[in-house]
Amino acid sequence: MGKTLAFEEPIVRLREKIEELEQFTIDSDVNLSEEIETLKIRLKNLEEDIYGNMEAWDRVQVARHPQRPTTLDYIAQLFEDFIQLHGDRNYGDDEAIVGGIASFDSRPITVIGHQRGKDTKENVRRNFGMPHPEGYRKALRLMKQAEKFNRPIICFIDTKGAYPGKAAEERGQSEAIARNLVEMAGLTVPVISIVIGEGGSGGALALGVANHIHMLEHSTYSVISPEGAASILWKDASLSKQAAEAMKITAPDLKEIGIIDKIIPEILGGAHRDLKQQAVYIGDAIRTSLEALTLLNEEEVIAKRYEKFREIGIFGE
């Protein structure tokens, strides 16, 4: 099952009790099937109650789960004939962003996404999923290539944010992100972005200027982490739980205020519990979006994207 989150502990304790009784039945030949069945019903009800009433901070913890599927996990499940492309043709290859060409339902597409590691060694290699400017320039290179060959673009968002280090700033981190925002706004091909984990700050938005933005049910999307917001607002990072609630960073909150277009349901307990089935849910969302967006001509694709972002938020003159 992997790492147990704090709010899941009652579920884990009850599951362990069931396993203990099942093992006792095997070892002693005592029939406890009725008691075990009662506990399984109680476990099912408990899971539905806990996972069906998750608070914002609970969703943050699920979004950060170390076993949560990554961009490459979903690429392997969703697409055929994936060819990964490397480098920004300017500085180097940033492994915090992966991308290339593939096919989806026999349709050529370009897929790009943030990529974090599954263990310490890979996280160091991929800079914990926090891209340098060359990562964003690689993403833009692939987007412009997709536009040239009329391929829809699918982006997977999963990052705490762009890397804030000195070297990244020296190589133009803010300019690379800003360039992506400008160029994505004018792409003539459909862009679909899916938040699969954490969507943090401009580092996430640099892959998020899309015609359709979807989120997994327990993902988050915000301008800053709850810990960062708590440190700024209240000078106390320990108040991150309250910050997560106040910031409205969960999929239900963002759907309600019109930031995202669709909530993709997750496996009970989180996407990490069943990668294959979760990929089916994501594939259905991609398929629906592509069916709608490929009916538009180039001018309509740009206009619809523009209108989407113009309608976000409240403003006055």
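Gln115 has a relative accessibility of 2% and therefore counts as buried, a term that stands for under 20% relative accessible area, with exposed meaning over 50% and partly exposed the range in between (1.4 Å probe, protein chains only). The model is a predicted one, in which local features need pLDDT of at least 70 and side-chain atom pairs count only at pLDDT 80 or more, while totals for chains, interfaces and linings use all residues. Residues are numbered from 1 along each chain as its sequence is written, and side-chain values use heavy atoms, with hydrogens and water left out.

Gln115 is found in the loop between strand S3 (107–114) and helix H5 (120–125); helices (H or I, at least four residues) and strands (E, at least two) are DSSP runs, numbered from the N terminus. The side chain of Gln115 makes a polar contact of 3.1 Å with the side chain of Thr70, and it also reaches the backbone nitrogen of Thr71 at 3.4 Å. A polar contact is a pair of N or O atoms within 3.5 Å; within protein, one must be able to donate a hydrogen and the other to accept it, and residues adjacent in sequence count only if both atoms are side-chain atoms. When neighbours within four places in sequence are set aside, the residues in contact with Gln115 (heavy atoms within 4.5 Å) include Leu72, Glu95, Val98, Glu122 and Arg126.

The aromatic rings come next. Rings of Phe, Tyr and Trp (its six-membered ring) pair if their centres lie within 6.5 Å, and planes under 30 degrees apart count as stacked, over 60 as edge-to-face and the rest as tilted; by this rule there are four aromatic pairs. One of them joins Phe79 and Phe104 edge-to-face, at 5.8 Å centre to centre and 65° between the planes. Because Phe79 lies in the loop between helix H4 (71–78) and strand S1 (80–84), and Phe104 in strand S2 (residues 97–104), this pair ties together parts that are 25 residues apart in sequence. Phe104 counts as buried because its relative accessibility is 3%.

The rings of Phe79 and Phe156 have their centres 6.4 Å apart and their planes at 55°, so this pair is tilted. Tyr74, Phe79, Phe104 and Phe156 together form one aromatic cluster.
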